[in-house]
Amino acid sequence: MRPLIIVGNWKMNGSLASNQDWMKSVAQGMESGMPAGRKFVVCPPFPYLQQCGKLIQEQSIAFLSLGAQDVSAQSSGAYTGEASASMLKEMSCQYVIVGHSERRQMHHEADETVAAKALQALDNGMTPIICVGETLDERNSGRAEEVVCGQVAKQVNVLQDRLADCLIAYEPVWAIGTGKVASAQIAQDMHRHIRLQLAEFDEDVASHVGILYGGSVKPDNAVELFAMPDIDGGLVGGASLDAQDFLSICRA
Ligand SMILES: O=C[C@H](O)COP(=O)(O)O
């Protein structure tokens, strides 16, 4: 049985003061108990990881884990502006998002780089959340499955059975930050497709890998999405910035 995992990705949002308020509200909300068998993760920007890790400890938010939004594909050295997996681990991160479409599009990250980043995370004891997804043009031209399966195949080639220790996030690019959520059935169909593709490589890996949905997840659509058999949780952007919305999605 795969656990339901809800990951909040703050993207480039937050401040020392607002992070503190968010943690306080989430601690209060989670204190009253959360549904069993679920995991909750928050991914603040790099500069706030230490603060947020400390706040999670201080507020005793036992349910909440820390994650980062990206990691270097290199382990150390002259890579200005990058953060290595060992540094993130030192900040108490347990999860790392890799290959988010915003990084693929704006920073030209290729599948090979995404796989190298996932390996760095795995080698440092963290769970990579590997993002895949098609653009609107690709969907409209009937190529959604081909594009997503191509992205997954590149990860399978490099990571092989280490994929069992990863999460995959299906994020249709056209649904990110647009308010246009994929219908639960569209999302389920793609998740099923990804799982069947993984099963061709290894059935055990396929049955273990959590596949999260991302793209305009909100309190009012989370229940329907999470009820789907191959949707194992959500990667939540905008709605995770509001502590009460995040809590509602965590309980959905
Ligand atoms: O990482 C999160 C996804 O990009 C979804 O963002 P969104 O919930 O704001 O659409």
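Trainee: How many bridges join strand S6 to S7, and which way do they run?
Mentor: Four bridges join strand S6 (residues 167-170) to S7, and the two run parallel. Keep in mind that this is a predicted model.

Trainee: Which residue stands opposite isoleucine 168 in S7?
Mentor: Isoleucine 211 of S7 stands opposite isoleucine 168.

Trainee: And how many bridges join S7 to S8?
Mentor: Two bridges, and S7 and S8 run parallel. In that pairing, tyrosine 213 stands opposite glycine 234 in S8, and glycine 214 stands opposite leucine 235 in S8.

Trainee: Is S7 mostly covered or mostly open?
Mentor: Strand S7 spans residues 210-214 and is mostly covered, with four of its five residues buried.

Trainee: What about S8, which of its residues are buried on each side?
Mentor: Gly233 and Leu235 are buried on one side, and Gly234 and Val236 are buried on the other, so both faces of S8 count as covered, with "buried" meaning 20 or more other C-beta atoms within 10 Å.

Trainee: OK, zoom out. What do the eight strands close into, and in what order?
Mentor: The eight strands close into a barrel, in the order S1-S2-S3-S4-S5-S6-S7-S8, with parallel pairing. On average, neighbouring strands of this sheet are turned by 25° against each other, direction ignored.

Trainee: Over how many bridges do S1 and S8 pair?
Mentor: Four bridges, in the parallel sense, between strand S1 (residues 4-9) and strand S8 (residues 233-236). Isoleucine 5 stands opposite glycine 233 in S8, and isoleucine 6 stands opposite glycine 234 in S8.

Trainee: Which helix packs on the sheet, and which strands does it touch?
Mentor: Helix H2 (residues 49-58) packs on the sheet and touches strand S2 (38-43), S3 and S4. The direction of H2 makes about 170° with that of S3.

Trainee: Let's stay around S4. How many of its residues are buried?
Mentor: Five of the six residues in strand S4 (residues 93-98) are buried, and the strand is mostly covered.

Trainee: In which sense do S3 and S4 pair, parallel or antiparallel?
Mentor: Parallel, over three bridges, with strand S3 being residues 64-68. The bridge partner of glycine 67 in S4 is tyrosine 95.

Trainee: Where does H3 come in?
Mentor: Helix H3 (residues 85-90) makes a right-handed β-α-β unit together with S3 and S4.

Trainee: And how many bridges between S4 and S5?
Mentor: S4 pairs with strand S5 (residues 127-132) over four bridges in the parallel sense. Isoleucine 97 stands opposite isoleucine 129 in S5.

Trainee: Switching to helices. How do the axes of H1 and H11 cross?
Mentor: The axes of helix H1 (residues 16-31) and helix H11 (residues 243-251) come within 9 Å and cross at roughly 35°.

Trainee: Is the crossing of H1 and H11 right-handed or left-handed?
Mentor: The crossing of H1 and H11 is right-handed.

Trainee: Which residues meet there, in H1 and H11?
Mentor: From H1, Trp22, Ser25, Val26 and Gly29; from H11, Ala243, Gln244, Phe246 and Leu247. By class, the contact of H1 with H11 has five nonpolar, three polar and no charged residues.

Trainee: Where is alanine 17 found?
Mentor: Alanine 17 is found in helix H1.

Trainee: Why does alanine 17 count as exposed?
Mentor: Because alanine 17 has 8 other C-beta atoms within 10 Å, and the limit for exposed is 12 or fewer. The C-alpha atoms of alanine 17 and cysteine 149 are separated by 41 Å, and the two residues are 132 residues apart along the chain.

Trainee: Backbone angles next. What is phi of serine 60?
Mentor: Phi of serine 60 is near 50°, a positive value in a residue other than glycine. Serine 60 lies in the loop between H2 and S3, and with 11 C-beta neighbours inside 10 Å it counts as exposed.

Trainee: And what is phi of histidine 108?
Mentor: The phi of histidine 108 is near 55°, a positive value in a residue other than glycine. Histidine 108 lies in the loop between helix H4 (101-106) and helix H5 (111-123).

Trainee: Is histidine 108 buried or exposed?
Mentor: Histidine 108 is exposed, with 8 other C-beta atoms within 10 Å.

Conventions: Residues numbered from 1 in each chain as written. Predicted model: local features only at pLDDT ≥ 70, side-chain atom pairs only at ≥ 80, totals over all residues. Pairing = 2+ DSSP bridges. Right-handed = clockwise from strand over helix to strand, strands pointing away. Axes fitted to C-alpha atoms, helices over the stretch in contact; angles between N-to-C directions. Left-handed = near helix turned anticlockwise from the far one by under 90°. Contact = placed C-beta atoms within 7 Å. Nonpolar A, V, L, I, M, F, W, Y, C, P; charged D, E, K, R; others polar.
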